[in-house]
Amino acid sequence: VRQRQRGARTLSVEVRKRDDGITVVALSGEWDAYLAPSLKETLQGVTSGPAPQIVLNLLGCQFFDSTILGLMIGSAKRVGEASGAQAIACDRSILLKVFDNSGTREMLSVVSTEEEAIAMLQATGDEEKGGEADGSAPERD
Amino acid sequence: VRPMDLRQSAIELRIPCDPRFLSVARLTIAGVAARAEPEFSIDDIEDLKISVTEACTNVIDHAYPEECDEADRFITVHCRFERGGLTVEVSDSGRGFDPRTAADSGTELPKESGLGIPLMRNLMDEVEFGGGPEEGTRVKMHKRPAR
C-alpha cells in the first residue's frame with residue numbers, strides 16, 4: 001500500500017493479489033497528473049505477467065482526470081494483448097461521467113461493485129477454459 | 001457588509017506550472033463556483049473541476065519548453081461571473097499550442113492521450129482557444145448552471 005498525505009486527505013493505491021489470481025488495485029483520494037507516474041508504475045507492474053486479471057477499484061476515488069483515464073486505457077490494452085482481462089468498479093456518477101464523455105465505459109468494462117468486476121473476470125476465464133476463447137474482449141450487455 | 005454584485009468581481013489565481021498545484025486550481029474553482037448566483041449543482045462544480053484540471057494539465061504538458069526558467073513557468077486561472085454563469089480563462093505565457101493537433105477527433109478506439117480537450121468540450125457550455133506563438137495559450141470556458 002502506498003500512501004501519501006495531501007492536506008487532510010490520504011491518497012493511496014492498494015494492491016491485493018487474490019487466491020484466484022485476480023489482482024485488485026484500489027485507488028482512494030483525488031488522482032491527476034501529479035500522481036500519474038506512481039499509478040503508471042503500479043499498473044505496469046501488475047500487468048507485466050502472462051494473462052493478467054486486473055480489477056481497478058475506484059470506489060474510494062473522489063476524482064480522476066483524463067491523464068488517469070489514459071493510464072486505465074493503456075492498462076486495458078496491455079492486458080488484452082497478454083490475453084488477460086481488466087474490469088473497473090466505479091459507482092460515483094461524477095466519475096462515471098468521465099467514462100461516458102470519453103466513450104470508454106463499455107470498452108473499459110466499468111461496473112458498480114468490486115464483486116461484479118471479479119465475477120466478470122471469472123466468467124471470462126471460464127469461457128476461455130471452455131475452449132470458446134477467440135482472443136477478443138469479453139462481450140457485455 | 002453590503003452584499004456586492006458578483007458581476008463586478010473577478011478572481012485570479014496564479015500557480016507554478018507544476019502538477020503539485022493542480023489540486024489548488026481545483027479547490028479554487030470549486031470555491032468560486034459555490035458562490036455563483038444562480039447556484040451551480042454539485043455535478044456542475046465537478047464539471048468545472050475536471051475542465052480546469054484538464055486545461056492546467058495541458059499547460060504543464062505543452063506550454064513551456066525545457067529550457068524555460070522555472071520562475072517564468074506559471075499558470076493563471078481567471079474567473080468571472082457573467083452571462084448567468086461562470087467564465088474561466090486558463091492562460092500561460094509559453095510557446096502556444098495548436099488544439100487541433102492535441103484534440104482527438106477520431107471515433108476509433110480511444111487513445112491514451114488527447115482525451116482532455118474533448119472532455120472539456122463535453123462538460124462546458126463553451127470552450128474557446130486563443131493566443132499563439134510568442135504570446136502563450138488562453139483557454140476560455142463558460143459554464144451556466146444546469147436547469
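Student: What makes the contact between the side chains of Arg18(A) and Asp20(A) a salt bridge?

Tutor: This is a predicted model, and in it the N to O distance between the side chains of Arg18(A) and Asp20(A) is 2.6 Å. The rule asks for a side-chain nitrogen of Lys or Arg within 4 Å of a carboxyl oxygen of Asp or Glu, so the pair qualifies as a salt bridge.

Student: Why is Arg18(A) called partly exposed?

Tutor: Buried means under 20% relative accessible area and exposed means over 50%; Arg18(A) has 29% relative accessibility, so it counts as partly exposed. Asp20(A), with a relative accessible area of 36%, is partly exposed as well.

Student: Which chains does the salt bridge of Asp47(B) and Lys97(A) link?

Tutor: The side chains of Asp47(B) and Lys97(A) meet at 2.7 Å, N to O, and the pair crosses between chains, from helix H2 of chain B to helix H3 (residues 93-101) of chain A. Asp47(B) and Lys97(A) are both buried. Lys97(A) also forms a salt bridge with Asp43(B), where the closest N and O atoms are 3.9 Å apart, a value that still falls within 4 Å and therefore counts. Lys97(A), Asp43(B), Asp44(B), Asp47(B) and Lys143(B) are linked in a network of salt bridges.

Student: How many salt bridges are there between chain A and chain B, and how much area do the two chains bury?

Tutor: The count between chain A and chain B is four salt bridges, while the two chains bury about 2,000 Å² between them, 61% of it on carbon and sulfur atoms. In terms of contacts, 24 residues of chain A meet 23 residues of chain B.

Student: Why is Thr57(B) called buried, and what does it touch?

Tutor: Thr57(B), which lies in helix H2 (residues 42-63) of chain B, has 4% relative accessibility, and because the limit is under 20%, it counts as buried. Leaving aside residues up to four places away in sequence, Thr57(B) touches Ala33(A), Asp65(A), Thr67(A) and Leu22(B).

Student: What makes strand E4 of chain A largely enclosed by the rest of the structure?

Tutor: Nine of the twelve residues of E4(A), residues 53-64, are buried, and the strand is therefore largely enclosed by the rest of the structure. E4(A) pairs in the parallel sense with strand E3 (residues 22-31) of chain A over nine bridges, and the chain crosses from E3(A) through helix H1 (residues 36-46) of chain A to E4(A) in a right-handed β-α-β crossover. With strand E5 (residues 85-89) of chain A, E4(A) pairs in the parallel sense over five bridges, and the chain crosses from E4(A) to E5(A) through helix H2 (residues 66-81) of chain A, again as a right-handed β-α-β crossover.

Note on methods: Residues numbered from 1 in each chain as written. Chains lettered and ligands numbered in written order. Predicted model: local features only at pLDDT ≥ 70, side-chain atom pairs only at ≥ 80, totals over all residues. Heavy atoms only, no water. Buried < 20%, exposed > 50% of the residue type's maximum accessible area, 1.4 Å probe, protein only. Helix = DSSP H or I, 4+ residues; strand = E, 2+ residues; numbered from the N terminus. Pairing = 2+ DSSP bridges. Right-handed = clockwise from strand over helix to strand, strands pointing away. Contact = heavy atoms within 4.5 Å. Buried area = accessible area lost by both parts, 1.4 Å probe.
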